[in-house]
Amino acid sequence: MIVITAPTGNIGRHLLSRLLEAAPAAGEELRVIVRDPARLPDAARGRIEVITGSHADTEVLDLAFEGADAVFWLVPPDATLTPQDAYSGFTRPASKALVAHGVGHVVGVSALGRGTPLADRAGLVTSSLAMDDLIADTGVAYRALANPSFFENLLEGAASIREKGVFTDSVDADRKAPFVAAADIAAAAAGLLLDRSWTGTGSIPVLGPQDLSPNDLARIMTEQLGRPVRYERQPLDELYTHLVGHGLDEAFVQGMVDMKRAKDEGLDAGIARTPDTTSPTTFEQWCAQTLKPAVLS
(Lines give C-alpha, C1' and ligand atoms only; values in the text may rest on other atoms or scores of the structure.)
Protein backbone atom coordinates (compact mmCIF):
# COMPACT_ATOMS: atom_id res chain seq x y z
CA MET A 1 0.00 0.00 0.00
CA ILE A 2 1.40 3.36 -1.12
CA VAL A 3 -0.08 6.57 0.32
CA ILE A 4 0.17 9.75 -1.76
CA THR A 5 -0.23 13.20 -0.21
CA ALA A 6 -1.08 16.28 -2.30
CA PRO A 7 -2.16 14.10 -5.26
CA THR A 8 -3.65 16.98 -7.27
CA GLY A 9 -0.65 19.33 -7.08
CA ASN A 10 2.09 19.91 -9.65
CA ILE A 11 4.12 16.89 -8.53
CA GLY A 12 1.39 14.71 -7.06
CA ARG A 13 -0.75 14.59 -10.18
CA HIS A 14 2.20 13.34 -12.24
CA LEU A 15 3.06 10.81 -9.53
CA LEU A 16 -0.51 9.54 -9.30
CA SER A 17 -0.64 9.09 -13.07
CA ARG A 18 2.59 7.09 -13.08
CA LEU A 19 1.53 4.91 -10.19
CA LEU A 20 -1.90 4.22 -11.68
CA GLU A 21 -0.03 2.70 -14.62
CA ALA A 22 2.66 0.83 -12.71
CA ALA A 23 1.17 -0.14 -9.35
CA PRO A 24 -1.13 -3.00 -10.46
CA ALA A 25 1.72 -4.96 -12.06
CA ALA A 26 3.81 -4.39 -8.94
CA GLY A 27 1.03 -5.64 -6.68
CA GLU A 28 0.63 -2.25 -5.01
CA GLU A 29 -2.57 -0.62 -3.85
CA LEU A 30 -2.88 3.17 -3.83
CA ARG A 31 -4.42 5.47 -1.26
CA VAL A 32 -4.52 9.27 -1.43
CA ILE A 33 -5.11 12.06 1.06
CA VAL A 34 -6.93 14.92 -0.64
CA ARG A 35 -8.97 17.89 0.52
CA ASP A 36 -11.23 17.92 -2.54
CA PRO A 37 -11.80 14.50 -4.14
CA ALA A 38 -13.54 16.17 -7.08
CA ARG A 39 -10.13 17.37 -8.28
CA LEU A 40 -8.83 13.83 -8.73
CA PRO A 41 -8.54 12.69 -12.35
CA ASP A 42 -11.27 10.53 -13.82
CA ALA A 43 -8.71 7.77 -14.46
CA ALA A 44 -8.26 7.36 -10.69
CA ARG A 45 -11.90 6.89 -9.79
CA GLY A 46 -12.67 3.43 -8.49
CA ARG A 47 -9.00 2.46 -8.61
CA ILE A 48 -7.69 4.13 -5.47
CA GLU A 49 -8.77 4.56 -1.88
CA VAL A 50 -9.54 8.18 -1.02
CA ILE A 51 -9.09 9.72 2.44
CA THR A 52 -10.65 13.18 2.50
CA GLY A 53 -9.00 15.89 4.58
CA SER A 54 -5.69 17.54 5.37
CA HIS A 55 -2.52 15.51 5.86
CA ALA A 56 -1.77 17.75 8.84
CA ASP A 57 -4.79 16.24 10.66
CA THR A 58 -4.05 13.43 13.13
CA GLU A 59 -7.32 11.60 12.54
CA VAL A 60 -6.86 11.75 8.76
CA LEU A 61 -3.30 10.45 9.09
CA ASP A 62 -4.41 7.55 11.29
CA LEU A 63 -6.86 6.46 8.61
CA ALA A 64 -4.38 6.95 5.78
CA PHE A 65 -1.33 5.33 7.38
CA GLU A 66 -3.11 2.23 8.68
CA GLY A 67 -1.64 -0.70 6.76
CA ALA A 68 0.58 1.58 4.65
CA ASP A 69 3.98 0.36 3.50
CA ALA A 70 5.20 3.60 1.89
CA VAL A 71 4.25 7.27 1.92
CA PHE A 72 4.92 10.10 -0.51
CA TRP A 73 5.17 13.22 1.67
CA LEU A 74 4.79 16.73 0.29
CA VAL A 75 4.11 19.79 2.41
CA PRO A 76 2.12 22.53 0.66
CA PRO A 77 3.75 25.63 2.21
CA ASP A 78 1.22 27.80 4.00
CA ALA A 79 2.24 31.46 3.71
CA THR A 80 0.03 32.37 6.68
CA LEU A 81 2.44 30.49 9.00
CA THR A 82 6.05 30.88 10.04
CA PRO A 83 8.45 28.68 8.03
CA GLN A 84 8.97 26.41 11.03
CA ASP A 85 5.24 25.89 11.49
CA ALA A 86 4.67 25.54 7.74
CA TYR A 87 7.16 22.67 7.45
CA SER A 88 8.04 20.96 10.75
CA GLY A 89 4.84 22.01 12.48
CA PHE A 90 2.77 20.62 9.61
CA THR A 91 4.81 17.40 9.55
CA ARG A 92 4.98 16.67 13.27
CA PRO A 93 1.62 14.79 13.42
CA ALA A 94 2.76 12.67 10.46
CA SER A 95 6.06 11.82 12.14
CA LYS A 96 4.11 10.39 15.08
CA ALA A 97 1.66 8.55 12.84
CA LEU A 98 4.49 6.95 10.83
CA VAL A 99 5.81 5.36 14.00
CA ALA A 100 2.39 4.43 15.37
CA HIS A 101 1.44 2.58 12.18
CA GLY A 102 4.83 1.07 11.42
CA VAL A 103 5.23 2.65 7.98
CA GLY A 104 8.49 1.40 6.49
CA HIS A 105 9.43 3.85 3.74
CA VAL A 106 8.86 7.57 3.10
CA VAL A 107 9.80 9.66 0.07
CA GLY A 108 9.66 13.41 0.68
CA VAL A 109 9.92 16.54 -1.43
CA SER A 110 12.72 18.76 -0.17
CA ALA A 111 15.44 21.08 -1.44
CA LEU A 112 19.08 21.30 -2.36
CA GLY A 113 21.55 22.86 0.04
CA ARG A 114 22.27 20.31 2.78
CA GLY A 115 25.93 20.34 3.71
CA THR A 116 26.63 23.74 2.15
CA PRO A 117 27.72 26.85 4.10
CA LEU A 118 24.36 28.42 3.21
CA ALA A 119 22.16 25.62 4.56
CA ASP A 120 21.48 27.23 7.94
CA ARG A 121 20.54 30.64 6.51
CA ALA A 122 18.47 29.72 3.49
CA GLY A 123 15.02 30.54 4.81
CA LEU A 124 12.38 28.13 3.53
CA VAL A 125 15.08 25.69 2.43
CA THR A 126 16.47 25.59 5.98
CA SER A 127 12.98 24.79 7.26
CA SER A 128 12.55 22.10 4.62
CA LEU A 129 15.82 20.44 5.66
CA ALA A 130 14.68 20.53 9.29
CA MET A 131 11.50 18.74 8.18
CA ASP A 132 13.66 16.04 6.60
CA ASP A 133 15.48 15.57 9.90
CA LEU A 134 12.17 15.29 11.74
CA ILE A 135 11.03 12.47 9.46
CA ALA A 136 14.42 10.73 9.49
CA ASP A 137 14.45 10.77 13.28
CA THR A 138 11.37 8.52 13.33
CA GLY A 139 13.51 5.60 12.16
CA VAL A 140 11.71 5.06 8.83
CA ALA A 141 13.71 4.51 5.68
CA TYR A 142 13.64 8.01 4.21
CA ARG A 143 14.70 9.58 0.94
CA ALA A 144 14.43 13.34 0.49
CA LEU A 145 14.16 14.42 -3.13
CA ALA A 146 16.55 17.38 -3.11
CA ASN A 147 15.25 19.76 -5.74
CA PRO A 148 16.31 23.11 -7.18
CA SER A 149 13.77 25.65 -8.43
CA PHE A 150 10.94 24.23 -10.55
CA PHE A 151 10.14 25.19 -14.12
CA GLU A 152 6.54 25.42 -12.90
CA ASN A 153 7.38 28.50 -10.80
CA LEU A 154 7.35 30.45 -14.05
CA LEU A 155 3.64 29.78 -14.46
CA GLU A 156 3.02 32.34 -11.70
CA GLY A 157 4.29 34.96 -14.14
CA ALA A 158 2.37 33.73 -17.19
CA ALA A 159 0.19 36.85 -17.28
CA SER A 160 3.23 39.13 -17.14
CA ILE A 161 4.95 37.15 -19.89
CA ARG A 162 1.79 37.35 -22.01
CA GLU A 163 1.06 41.04 -21.45
CA LYS A 164 4.52 42.58 -20.99
CA GLY A 165 7.01 40.01 -22.25
CA VAL A 166 8.66 40.07 -18.80
CA PHE A 167 9.36 37.59 -16.02
CA THR A 168 10.96 38.44 -12.69
CA ASP A 169 13.10 36.86 -10.01
CA SER A 170 15.69 38.18 -7.58
CA VAL A 171 18.88 36.44 -8.71
CA ASP A 172 21.63 37.79 -10.96
CA ALA A 173 20.69 37.58 -14.62
CA ASP A 174 23.76 35.46 -15.42
CA ARG A 175 23.59 33.19 -12.35
CA LYS A 176 23.42 29.64 -13.70
CA ALA A 177 21.64 27.05 -11.56
CA PRO A 178 19.80 23.76 -12.01
CA PHE A 179 16.06 23.78 -12.77
CA VAL A 180 13.72 20.79 -12.84
CA ALA A 181 10.30 19.83 -14.15
CA ALA A 182 7.73 18.59 -11.65
CA ALA A 183 7.16 15.52 -13.81
CA ASP A 184 10.80 14.50 -13.37
CA ILE A 185 10.49 14.78 -9.59
CA ALA A 186 7.41 12.57 -9.77
CA ALA A 187 9.31 10.02 -11.84
CA ALA A 188 12.07 9.86 -9.23
CA ALA A 189 9.50 9.46 -6.47
CA ALA A 190 7.67 6.69 -8.33
CA GLY A 191 10.86 4.69 -8.75
CA LEU A 192 11.65 4.87 -5.06
CA LEU A 193 8.11 4.05 -3.96
CA LEU A 194 7.83 1.00 -6.21
CA ASP A 195 11.29 -0.43 -5.49
CA ARG A 196 11.70 -0.25 -1.73
CA SER A 197 14.93 -2.21 -1.50
CA TRP A 198 16.65 0.89 -0.06
CA THR A 199 17.22 1.43 3.65
CA GLY A 200 18.41 4.18 5.98
CA THR A 201 18.15 7.88 5.23
CA GLY A 202 19.56 10.07 2.51
CA SER A 203 18.80 12.54 -0.26
CA ILE A 204 18.35 12.13 -4.00
CA PRO A 205 19.18 15.25 -6.03
CA VAL A 206 16.97 15.83 -9.09
CA LEU A 207 18.75 18.49 -11.12
CA GLY A 208 17.15 18.61 -14.55
CA PRO A 209 19.33 18.28 -17.66
CA GLN A 210 21.37 21.50 -17.44
CA ASP A 211 22.10 24.64 -15.45
CA LEU A 212 20.36 27.78 -16.74
CA SER A 213 20.53 31.47 -15.92
CA PRO A 214 17.58 33.87 -16.07
CA ASN A 215 19.03 35.19 -19.32
CA ASP A 216 19.10 31.62 -20.66
CA LEU A 217 15.46 31.18 -19.65
CA ALA A 218 14.50 34.42 -21.39
CA ARG A 219 16.28 33.37 -24.60
CA ILE A 220 14.62 29.96 -24.67
CA MET A 221 11.18 31.39 -23.88
CA THR A 222 11.62 33.89 -26.70
CA GLU A 223 12.42 31.06 -29.09
CA GLN A 224 9.61 28.80 -27.93
CA LEU A 225 6.88 31.43 -27.64
CA GLY A 226 7.79 33.29 -30.82
CA ARG A 227 7.75 36.64 -29.04
CA PRO A 228 10.34 38.63 -27.07
CA VAL A 229 10.70 37.74 -23.39
CA ARG A 230 13.14 39.48 -21.07
CA TYR A 231 14.18 39.11 -17.45
CA GLU A 232 13.82 41.84 -14.82
CA ARG A 233 15.59 41.44 -11.50
CA GLN A 234 13.44 42.38 -8.51
CA PRO A 235 15.23 43.77 -5.42
CA LEU A 236 14.71 41.62 -2.34
CA ASP A 237 13.40 44.52 -0.24
CA GLU A 238 10.81 45.24 -2.94
CA LEU A 239 9.79 41.57 -2.98
CA TYR A 240 9.42 41.58 0.81
CA THR A 241 7.24 44.69 0.82
CA HIS A 242 5.08 43.37 -2.02
CA LEU A 243 4.38 40.01 -0.37
CA VAL A 244 3.75 41.39 3.11
CA GLY A 245 1.38 43.88 1.53
CA HIS A 246 -0.63 40.93 0.21
CA GLY A 247 -1.13 39.60 3.73
CA LEU A 248 1.50 36.85 3.90
CA ASP A 249 3.06 36.07 7.27
CA GLU A 250 6.10 38.31 7.76
CA ALA A 251 8.30 35.46 8.98
CA PHE A 252 7.28 33.32 5.99
CA VAL A 253 8.08 36.17 3.60
CA GLN A 254 11.45 36.66 5.27
CA GLY A 255 12.00 32.93 4.74
CA MET A 256 11.30 33.37 1.03
CA VAL A 257 13.68 36.35 0.84
CA ASP A 258 16.43 34.45 2.68
CA MET A 259 15.96 31.48 0.35
CA LYS A 260 16.24 33.66 -2.75
CA ARG A 261 19.32 35.41 -1.35
CA ALA A 262 20.94 32.04 -0.68
CA LYS A 263 20.13 30.83 -4.20
CA ASP A 264 21.75 33.97 -5.61
CA GLU A 265 24.84 33.15 -3.53
CA GLY A 266 25.06 29.63 -5.00
CA LEU A 267 22.92 27.48 -2.69
CA ASP A 268 21.88 25.11 -5.50
CA ALA A 269 25.41 24.71 -6.86
CA GLY A 270 26.62 22.38 -4.11
CA ILE A 271 25.83 19.11 -5.92
CA ALA A 272 27.84 17.92 -8.92
CA ARG A 273 25.82 16.96 -11.96
CA THR A 274 26.15 13.27 -12.79
CA PRO A 275 24.07 10.86 -14.88
CA ASP A 276 22.34 9.81 -11.65
CA THR A 277 21.37 13.36 -10.63
CA THR A 278 20.35 14.51 -14.12
CA SER A 279 16.67 14.27 -15.07
CA PRO A 280 15.46 14.32 -18.69
CA THR A 281 12.94 17.11 -19.31
CA THR A 282 14.58 20.11 -20.98
CA PHE A 283 13.38 23.66 -20.55
CA GLU A 284 12.63 23.77 -24.27
CA GLN A 285 10.33 20.74 -23.92
CA TRP A 286 8.63 22.14 -20.86
CA CYS A 287 8.03 25.50 -22.54
CA ALA A 288 6.45 23.84 -25.57
CA GLN A 289 4.25 21.51 -23.53
CA THR A 290 3.31 23.65 -20.53
CA LEU A 291 4.30 27.30 -20.65
CA LYS A 292 3.28 28.04 -24.24
CA PRO A 293 -0.36 26.94 -23.75
CA ALA A 294 -0.54 28.93 -20.50
CA VAL A 295 0.86 32.11 -22.03
CA LEU A 296 -0.88 31.97 -25.42
CA SER A 297 -4.29 30.81 -24.18
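This is a predicted model: local features need pLDDT of at least 70, side-chain atom pairs count only at pLDDT 80 or more; totals for chains, interfaces and linings use all residues.
Residues are numbered from 1 along each chain as its sequence is written, and side-chain values use heavy atoms, with hydrogens and water left out. Helices (H or I, at least four residues) and strands (E, at least two) are DSSP runs, numbered from the N terminus.

Helix α3 covers residues 83–100, which makes 18 residues. The distance from its first C-alpha to its last is 26 Å, close to the 26 Å expected at 1.5 Å a residue; the expected span is 1.5 Å times one less than the number of residues. At R92, α3 bends by about 35 degrees, and the proline P93 follows within four residues. The bend is the angle between axes fitted to the seven residues ending at a residue and the seven starting there. Buried residues (under 20% relative accessible area, with exposed over 50% and partly exposed in between, for a 1.4 Å probe and protein chains only) in α3 include P83, Y87, F90 and L98. The buried residues of α3 pack against α2, β4, β5, α4 and α9, where contact means heavy atoms within 4.5 Å. G102, which follows α3, has a positive phi near 65 degrees.

Just after α7, G226 takes a positive phi of about 70 degrees.

A positive phi is also found at A6, a residue other than glycine, with a value near 45 degrees. Most residues other than glycine have a negative phi. A6 lies in the loop between β1 and α1, and A6 counts as buried because its relative accessibility is 19%.

Two further residues are placed in helices. K260 is part of helix α9, and K260 touches D169, S170, V171, L236 and L239, not counting residues up to four places away in sequence. K260 and D169 are 91 residues apart along the chain, and their C-alpha atoms are separated by 8.5 Å. L192 is found in helix α6 and is buried, with a relative accessible area of 14%. Leaving out residues up to four places away in sequence, L192 touches V107, R143, L145, W198 and I204.

The second largest pocket holds about 170 Å³ of space. On a 1 Å grid over the protein atoms alone, a pocket is an open set of points where a 1.4 Å probe fits, with protein on both sides within 12 Å along at least five of seven lines; lining residues have an atom within 4 Å of a point. The volume is the space filled by probe spheres set on the points, which are joined across faces, edges and corners. The lining includes N10, H14, E152, A182 and W286. The elements α1, α6 and α10 each give two or more residues to this lining, and α10 gives the most, with 3 residues. By class, the lining has 5 nonpolar, 5 polar and 2 charged residues; Ala, Val, Leu, Ile, Met, Phe, Trp, Tyr, Cys and Pro count as nonpolar, Asp, Glu, Lys and Arg as charged, and the others, Gly among them, as polar.
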